[in-house]
Amino acid sequence: MKNRALLTRLVTIFVVVIAAALIAYRFYTQFTQAVQTQTVLQTTEYQTVDVQLYTVRKESLVAQQSAGESVPTVQDGERVAKGEPLAALFSSEEKAQAYLESRELEKKLHRYDVFQNSSAGSMDIHKLDREIDLSFLSWLDIVDSGDLEDYAQQSDLLLDKLTLRQAAVSGRLEDNGVVTQLRQELQQAKALGKPQSYINAEQAGYFVSDAAFCVPQELYQTVLKQTVSDIERLLSAEPQGNPGVMGKLVQAHEWYVLTLIPAERAAQFQPGGTAKLLMDQYESGFLEMEVRAIGAQDNGKVPLVLSSREMNAYLSGMKVENARLVLQEYKGLKVARAAVRVQDGVKGVYIRRNQMVNFRRLDVVYETADFVIAVHNTHSSSPIAHVKLYDEVITQGRDLYDRKIIN
């Protein structure tokens with residue numbers, strides 16, 4: 001009997017404690033105004049359509065007249081003059097490799113010469129440390145991406161920064177005999193890797209080492225007249241090999257891409273206007289081109305011909321590529337959809353300024369399930385101020401209203 005009374009008392013105490021805790025929690029949530037906020041940032045969003053591009057250039061093949069191993073002496077996308085060497089020719093692969101090694105050794109020696117002549121003692125070590133950290137993080141990103149070309153370049157950049165730091169700390173570059181060894185290796189490589197002859201450019205142009213994709217000359221002449229069926233045939237064609245050549249020369253500054261777009265989107269482009277292509281592999285991420293021609297509709301598709309005069313290593317290697325064609329571009333302030341509210345018929349957000357809540361207007365131009373993009377409409381007659389860059393918009397809060405004071 002005593003045990004039962006004790007148990008009843010303990011259960012009663014437990015229930016009272018739980019009830020008190022619940023009351024305290026309700027009291028806390030009722031009289032405190034904890035909010036969650038998100039900073040308003042500038043952004044650009046695109047409405048796009050996926051397209052395939054067929055690249056058209058005025059180009060000719062560079063033949064390798066004699067047998068042997070050829071090594072380009074110029075970079076892809078580099079402009080060369082008539083008669084300028086395009087490649088060195090070697091009688092064996094071993095000699096070609098020695099020639100390539102000599103060029104790498106010359107680059108390393110040049111970097112050491114730059115370090116030796118730099119005012120290392122006056123360099124800001126703390127600044128160098130920050131640059132080394134950023135370089136290392138970039139190197140890690142490239143390792144994750146698997147881009148071997150960027151990997152080599154970023155590795156050299158990181159090594160240069162570390163070498164400069166060593167020189168800055170000690171006041172001079174301690175090569176520990178590295179320069180002497182590099183000079184000896186260079187002398188041996190040059191002795192073995194002597195070219196037997198050179199392949200020279202027969203005309204001026206931009207050099208491209210990949211000759212597997214070469215556009216027929218007649219296509220360049222008729223590029224503005226290509227139909228839907230013509231472009232479909234080009235996009236589906238298998239690349240033809242070109243034995244006996246070591247590259248090609250692009251003669252004309254202007255080059256083109258052919259693509260097909262949905263017929264309902266054709267009205268968004270006009271000859272002489274600008275089209276933007278989003279390309280993940282391109283260094284800037286996008287390429288702006290001029291709209292040169294819009295063809296006739298066929299089976300719901302329309303030919304679109306774009307042109308450019310820009311040229312570099314990446315663009316010179318373009319063949320059949322995937323891209324996203326921008327239909328509409330939206331620039332403005334990015335605001336989380338969870339923050340958007342309507343007060344007295346006005347769409348807007350609550351922002352937190354110190355300990356006060358204020359309502360701000362939103363002029364939305366683009367929206368998704370997660371966010372909206374707003375622009376400040378200076379012609380609006382609304383007396384309510386518009387949200388601004390870096391405002392702290394409230395994405396979660398209770399009983400919000402304009403000019404409310406919060407803890």
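Analyst: Gladly! Please keep in mind that this is a predicted model.

User: What makes strand 8 and strand 9 a pair?

Analyst: A pair needs at least two bridges between the strands. Strand 8 (residues 205-208) and strand 9 (residues 245-250) are joined by 3 bridges in the antiparallel sense, so they count as a pair by the cut-off of at least two. Within this pairing, Val208 sits opposite Lys248 of strand 9.

User: Let's turn to strand 14. How do you know that strand 11 pairs with strand 14?

Analyst: Strand 11 (residues 274-278) and strand 14 share 2 antiparallel bridges. The requirement is at least two, so this counts as a pair. Here Leu278 lies opposite Arg324 of strand 14.

User: How many bridges join strand 2 to strand 14, and how many join strand 14 to strand 19?

Analyst: Strand 2 (residues 41-56) and strand 14 (residues 320-336) run antiparallel and are joined by 14 bridges. In that pairing Tyr54 faces Val320 of strand 14. Between strand 14 and strand 19 (residues 371-374) there are 4 bridges, again in an antiparallel arrangement, with Val335 opposite Val372 of strand 19.

User: What makes strand 16 a partner of both strand 15 and strand 17?

Analyst: Once more, the count to reach is at least two bridges. Strand 15 (residues 340-343) has 4 bridges to strand 16 (residues 346-353), and the two run antiparallel. Strand 16 also has 6 bridges to strand 17 (residues 356-361), antiparallel as well. Both therefore qualify as pairs under the rule of at least two bridges.

User: Which residues in the two hairpins have a positive phi?

Analyst: In the hairpin of strand 15 and strand 16, with 2 residues between the strands, Asp344 has a positive phi near 55°. The hairpin of strand 16 and strand 17 also has 2 residues between its strands, and Asn354 in the turn has a positive phi of about 55°.

Note on methods: Residues are numbered from 1 along each chain as its sequence is written. This is a predicted model: local features need pLDDT of at least 70, side-chain atom pairs count only at pLDDT 80 or more; totals for chains, interfaces and linings use all residues. Side-chain values use heavy atoms; hydrogens and water are left out.
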